[in-house]
Amino acid sequence: MSLDLKPKKWAGTLRQVTLGAGSRRPLTVGGGNGLPLHTFEAAFPHRPLLALEITDVDPVRWVESVRQPWEGVLGRPAEAARRAVNEFGADLLTMNLMGTHADRGNRSPEQAAADVCAVLAAVDVPLIVKGPGAGQKQNEVLARVAEDCRGEGLALHSATNEDYKTLAAIALAYGHVLVGESPIDVNIAKQLNILLTDASVDLNRVLIDPLTGGLGYGLEYTYSVMERIRLAALGGDAMLNCPIVCLVGEEAWKAKEAKVPGEKEPLWGDRQVRGIHWEVATAMALVEAGAEVLVLRHPESLARIRKQLDSWFPETSGGASCR
Amino acid sequence: MPAHRVQFSPSGRATLAAEGASILRAAESASEPMRAECGGRGACGRCLVRILEGQVPEYRVLRRESGLPEVLACLTPVHGPLTVQPLVEAQLPKLISGDRYIGVQPLSAWAPWPLTPAPLVDRVGPEDLGVALDIGTTTLRLLLIRLSDGTVVGEAGAYNPQIARGADVISRIVAAEKGALGEMASAVRRSAVSMIAEAAEAATLDPSHIRGYVVAGNVTMIHLLLGEDPSGIRRVPSEPRSLAFSPVDAAHLGWPGHARAPVYTVPGAGGWVGGDILAGAVRAGFSRASEAALYVDLGTNGEIVFGNADFALACACSAGPAFEGGGIRCGMRADRGAVDGAAIDDASGALELSVIGGGRIRGLCGSGLIALADALFRAGWIDRGGRLAARVPAERRVAGTWGAAIALSADRRVALWERDLASLIRTKAAVFAGIRSLVDSLGPGGPSIDRAYVSGNFGRYLNLPAAVGIGLLPDIPQGRYGYIGNGSLEGAALSLLSREFFAEIAAYLQHITYVDLSELPGYMDQFVGASFLPHTSPHLLRMG
Amino acid sequence: MPMTGLQIFKLLPNTNCKKCGYPTCLTFAMKLAAGKESLEKCPDASPEARAALGAASAPPIRGVTIGRGERALTIGEETVFFRHEKTFVRRPGLFQTFDPASLSPAERDARLDRWRAIRIERAGEVFQVDGIAIVETPGAAQSAVDAAAAAAGRGFPIAILAATLPGAVAAAERIKEHRPLLVPPAGANPQEFAAQAARLGIPLVVGAPDLPSLADAARDAASAGVADILLEPPGADPRLLHHSLTAIRRGALDRVHPGLGHPVFLRVGAGEIERAVLGITKFASLVALADSGGETWLPLWTLRQNIYTDPQKPLQMDPGLYAIGEPNDRSPLLVTSNFSLTYFIVSTEAEATGVACHLAVVDAEGLSVLTAWSAGKFSGDRVAKALRGMHAAERVSHRTVIIPGYVPVISGELEDALGDGWRVLVGPQEASDIAPFFRDVWAAAMV
């Protein structure tokens with residue numbers, strides 16, 4: 001008896017979004033016309049991108065396992081950037097401006113912009129810039145960064161339904177990409193994109209951040225929301241077909257399971273491997289659900305995910321640097 | 001126990017209040033309408049009154065105006081005679097009374113199929129009267145009907161005095177659980193007596209000629225009227241004492257009429273689907289229709305029925321009081337001074353408001369809120385999330401501790417706040433999500449909405465295009481919509497005049513399938529989707 | 001295709017007789033459509049109704065039980081491709097691969113005892129090693145037989161990862177009352193293994209180098225009398241494995257070939273956690289893992305817990321006292337419900353204020369504050385009890401608790417229930433007002 005497994009065809013296609021411009025080597029993501037990784041029945045012009053997270057100040061709360069590969073460059077963004085790209089093979093970087101938060105250094109918008117410019121001078125990969133969290137300070141910081149780094153096609157993280165007008169204007173004025181963030185809800189993600197469209201933002205310059213729940217801390221909610229977003233996009237919904245970015249590293253390494261030493265919980269095994277496994281499992285599950293930009297913290301996680309992706313995207317193996 | 005006379009100004013209503021009782025309780029017993037959204041816990045700040053005469057404890061005085069103390073009625077005890085003036089915050093404006101219904105013959109005007117006159121109550125002489133009463137959570141409405149020819153000869157309206165125990169049904173159940181059942185029962189019964197007296201006097205009729213009553217209300221209201229413990233209603237699953245109480249003697253409730261004039265109550269179909277909705281649905285013809293119809297009650301409880309002669313689904317979406325002026329900063333009921341319509345001129349960009357009575361703007365009623373939201377959204381003054389956009393002219397902008405607003409009155413004291421829009425969006429999302437979820441619960445390929453009836457007390461009329469425009473009601477051909485002012489009252493009147501109609505209600509309730517929206521997996525999703533102007537996915541507004 | 005409520009309703013008598021326990025035929029029909037009831041409850045259902053509903057409801061993927069007794073594992077009976085369509089129903093089993101060939105009996109038993117003792121509790125579930133996959137090393141068949149017996153004797157469900165037919169049969173015979181799963185080696189003669197599995201009445205894994213052969217092989221095994229079959233999908237590399245797993249699930253649900261309607265078995269080697277992740281998210285029902293450390297198992301147990309949670313149950317937080325920022329004993333104490341979205345919104349806003357505080361999350365069965373209150377699940381008594389259970393009084397030196405602005409009505413009852421000089425402050429209605437509330441009301445209240 002023959003096996004008639006018809007390939008599934010869809011009405012809609014994902015948008016293609018290009019990150020990086022000006023002095024960056026641009027990278028494009030998205031454009032697929034099928035369910036994630038379903039290369040056997042659909043076309044995917046671009047493979048998912050892997051980003052490493054660097055910080056403007058020393059991230060003292062990062063657990064030892066994830067600080068260790070960054071020894072010597074923590075809180076030194078330009079040097080961390082070089083290591084991330086040249087040694088660890090990141091496709092792009094996420095610059096986390098945590099130091100601008102009032103409780104963590106309260107660095108000024110000028111200082112933040114200077115840090116970002118230093119990173120831009122150090123490497124030529126695209127950059128996602130993450131502010132200190134929703135609020136007035138974030139708008140000020142990102143506005144200054146956007147202006148000083150105009151034309152570089154930065155991805156500004158993030159706009160929300162409650163606060164999108166400032167970032168929309170900034171992204172438009174200075175030629176950047178916007179990341180729209182919503183709280184693990186398909187409707188709210190769509191609403192944000194509609195509001196952005198109403199504010200004249202081109203959705204071909206928007207990424208969706210559905211809010212990542214780490215393994216054990218809401219992963220399945222993000223996973224299912226992402227599957228539903230992909231289905232809506234493939235069904236033709238032009239307000240939901242932006243590529244998705246997941247901040248995996250931040251969420252996975254928050255878990256106590258990534259941090260507790262083996263001595264305290266013998267059944268939990270080796271802490272170092274456990275932490276990486278926590279990040280890798282979160283990342284892989286979300287790649288399967290449709291993540292197209294993954295932001296990781298441990299370079300070994302990045303190497304492992306890259307190797308997995310090479311299986312689906314052999315012609316485009318390798319990262320930004322030759323390997 | 002000493003008692004003190006408390007008089008309210010300017011209404012003149014008065015009562016004897018027990019020593020130490022709160023001014024709010026005194027208002028309740030005097031049938032003086034007073035806002036008390038938190039049910040008297042001192043939390044909502046609404047029941048503000050000024051003491052014109054008499055003494056109150058100093059520690060309760062919030063401030064003084066022209067030397068007169070202002071206090072919260074719910075927290076202030078009566079220790080001596082008082083004259084009390086409710087301030088603007090506490091006021092519920094007068095209901096529209098007047099002669100909307102007088103002269104109407106329900107059997108001709110409202111019967112969904114030909115009904116032969118056959119009153120539910122015994123009729124002896126040409127002067128005999130019957131009463132149809134609708135007990136709403138917020139308002140009461142009464143019709144005096146001449147049984148010989150089935151004509152409405154008198155009418156009255158009042159606020160439900162139980163408002164003093166809280167704006168919503170749950171608060172009242174909680175109050176009953178804490179021992180206020182007897183007082184709430186007495187209060188609403190007394191209100192009915194006042195309304196009968198008012199209606200009879202206006203028509204120079206004698207209440208002793210009343211032969212019987214038909215009362216429609218939600219299940220909680222009926223329990224409270226009859227003095228039955230309502231606490232089971234809010235349990236999960238809902239367990240009312242009964243859904244179909246036997247008729248009681250009017251005298252038992254202190255109501256006038258012939259000896260042993262019966263008081264019938266329209267039966268309910270479930271804890272959250274009461275006789276009021278059932279009466280309205282049968283009045284709209286559901287029990288005999290082959291086509292599927294939708295019935296939406298835009299009151300506090302937001303009941304929705306979808307069905308026909310073969311099946312009926314019902315749910316309650318807990319809409320909230322936004323359409324009746326509740327929860328809206330400058331909200332008011334549809335009365336003189338209420339904005340009830342709005343348009344923004346394409347050319348000039350000017351905002352034009354229509355006001356009931358044409359004079360000074362005093363507030364915003366339900367119709368006005370819907371019309372305004374639709375106009376503002378269409379003109380781009382607000383974004384789809386209900387937030388003010390750059391396009392709002394500077395002279396209309398108001399900023400305050402509660403955020404941003406659009407001024408409506410010249411003195412800028414009446415304004416539409418962003419949080420009012422948020423409330424409206426939440427309310428309309430609950431209703432539309434309820435409608436959509438209810439209809440979808442039958443699965444794909446189910447019946448479409450062939451007719452839709454909207455019932456509610458939000459204004460002189462319903463601005464249907466605006467209601468559809470903001471995504472409150474489904475987008476179906478306008479001709480399919482019918483507006484019923486008060487389906488519950490009309491159904492009660494038809495029951496009074498036709499035993500066949502009353503029996504039909506009892507039979508139809510067997511068909512009602514209650515759907516608990518909180519148990520429908522898709523409801524929350526629909527609710528979030530509908531929390532946008534007009535909807536996150538506008539194609540979902542089109543429902544046949 | 002599953003029938004809709006309305007379609008089922010049309011097959012019912014429409015008498016509303018209530019014998020099924022529901023008030024109307026339509027209510028019952030909707031419960032049937034949702035899979036929450038069985039037609040048995042309707043004594044008056046017509047033969048047509050029974051036929052229509054019977055055909056529609058036979059599961060596309062058969063159920064299989066491995067092992068016996070308390071730890072028997074039942075897998076399969078899945079009905080959807082995406083978990084959000086309804087839910088995944090049967091958690092996949094995670095088996096520990098075990099090659100006993102080089103171990104002494106004492107070492108072997110010590111290993112098995114250690115695995116037997118593993119027990120980790122997480123979010124109301126207990127993680128354990130679900131079974132042992134015994135590796136038969138060629139030439140060391142006896143050690144596999146003994147290990148199978150030792151493991152089965154400890155109550156473990158067993159999979160026999162065979163190297164040879166005689167070795168497989170020996171081990172299977174030894175523990176056949178324990179319903180072991182028979183896993184032939186790659187390239188084995190399928191008919192021989194099928195005959196043995198049929199004879200012994202035990203479940204069998206069927207493998208093949210491509211999908212059409214796999215489907216045919218499963219069908220053949222069924223014809224040979226094997227009642228319970230698992231499919232081993234082709235694919236050593238992630239891409240091919242993903243393709244196979246997807247095609248099998250889709251093919252089973254679309255009823256493309258009867259040979260596809262079986263649960264899936266997956267072998268994962270050492271250092272291959274990504275393969276196990278793919279298996280767990282993409283429909284495998286039994287995974288044999290070579291690694292044995294908690295650093296591999298804990299993430300996989302957790303992943304399984306996440307993916308196999310019923311998405312239709314409301315997101316719930318674990319009740320308890322959560323710290324926002326770094327609160328001390330003078331920090332404000334707020335109360336909210338354990339509906340995750342409520343918690344998320346409140347905690348995010350609270351965090352954004354920069355004011356550290358304690359957030360007491362009360363068990364309201366995952367309902368939002370207002371919904372919980374109206375159903376009687378957020379009363380003053382209930383909140384007081386929760387606060388006592390969390391020892392909130394020990395975390396703050398003040399005696400003020402802030403309640404959500406939507407339920408001022410509970411303040412009196414809560415004060416009474418807490419006693420001990422506790423005072424209730426009614427907080428803002430909107431989480432976005434927490435910042436001005438802290439600034440204006442809390443600061444004044446603490447003076």
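1. Axes are lines fitted to C-alpha atoms, for helices over the stretch in contact, and angles run from 0 to 180 degrees between N-to-C directions; helices (H or I, at least four residues) and strands (E, at least two) are DSSP runs, numbered from the N terminus. This is a predicted model, in which local features need pLDDT of at least 70 and side-chain atom pairs count only at pLDDT 80 or more, while totals for chains, interfaces and linings use all residues. Residues are numbered from 1 along each chain as its sequence is written, and chains are lettered from A and ligands numbered from 1 in the order in which they are written.

2. In chain A, the axes of helix 4 (residues 136-148) and helix 5 (residues 165-174) come within 10 Å and cross at roughly 5°. That makes helix 4 of chain A roughly parallel to helix 5 of chain A, given that angles under 35 degrees count as roughly parallel, over 145 as roughly antiparallel, 65 to 115 as roughly perpendicular and the rest as oblique. On the helix 4 side of chain A the residues that meet helix 5 are Asn139(A), Leu142(A), Ala143(A), Ala146(A) and Glu147(A), and their counterparts in helix 5 of chain A are Thr166(A), Leu167(A), Ile170(A) and Tyr174(A); residues are in contact if their C-beta atoms, placed from the backbone, lie within 7 Å. By class this contact has six nonpolar, two polar and one charged residues, where Ala, Val, Leu, Ile, Met, Phe, Trp, Tyr, Cys and Pro count as nonpolar, Asp, Glu, Lys and Arg as charged, and the others, Gly among them, as polar.

3. How many residues does each chain bring to the contact between chain A and chain C? Chain A gives 41 residues and chain C gives 41 residues. On the side of chain A that touches chain C, helix 7 (219-234), helix 9 (271-289) and helix 10 (299-312) of chain A each supply at least two residues, and helix 9 of chain A gives the most, with nine residues. The residues of this side of chain A divide into 20 nonpolar, eleven polar and ten charged.

4. The contact of chain B with chain A takes eight residues from chain B and nine residues from chain A. The chain B side has two nonpolar, three polar and three charged residues.

5. Domain bounds come from an automatic or database domain assignment. For chain C the assignment gives domain 1 (5-57), domain 2 (63-307) and domain 3 (320-445), and 48 Å separate the centres of domain 2 and domain 3 of chain C, taken over C-alpha atoms. For chain B it gives domain 1 (3-90), domain 2 (106-273), domain 3 (277-321 + 423-541) and domain 4 (325-416), with the C-alpha centres of domain 1 and domain 4 of chain B lying 32 Å apart.

6. Helix 2 (residues 25-33) of chain C is largely enclosed by the rest of the structure, because eight of its nine residues are buried. A residue is buried if 20 or more other C-beta atoms lie within 10 Å of its own, exposed if 12 or fewer, and partly exposed in between, with C-beta atoms placed from the backbone. The buried residues of helix 2 of chain C include Cys25(C), Phe28(C) and Met30(C), and its buried residues pack against strand 24 (512-514) of chain B together with helix 1 (5-9) of chain C. After helix 2 of chain C comes Gly35(C), whose phi is positive, near 75°.

7. Chain B has an open sheet of six strands in the order 9-8-7-10-12-11, with mixed pairing; two strands pair if DSSP finds at least two bridges between them. At the edges are strand 9 (151-159) and strand 11 (248-249) of chain B, each pairing on one side only. Strand 7 (residues 129-135) and strand 10 (residues 210-217) of chain B pair in the parallel sense over seven bridges, and Ala132(B) has Val214(B) in strand 10 of chain B as its bridge partner. Helix 3 (residues 169-202) of chain B packs on the sheet, touching strand 7, strand 8 (139-146) and strand 9 of chain B, and its direction makes about 135° with that of strand 9 of chain B.

Methods: Contact = placed C-beta atoms within 7 Å.
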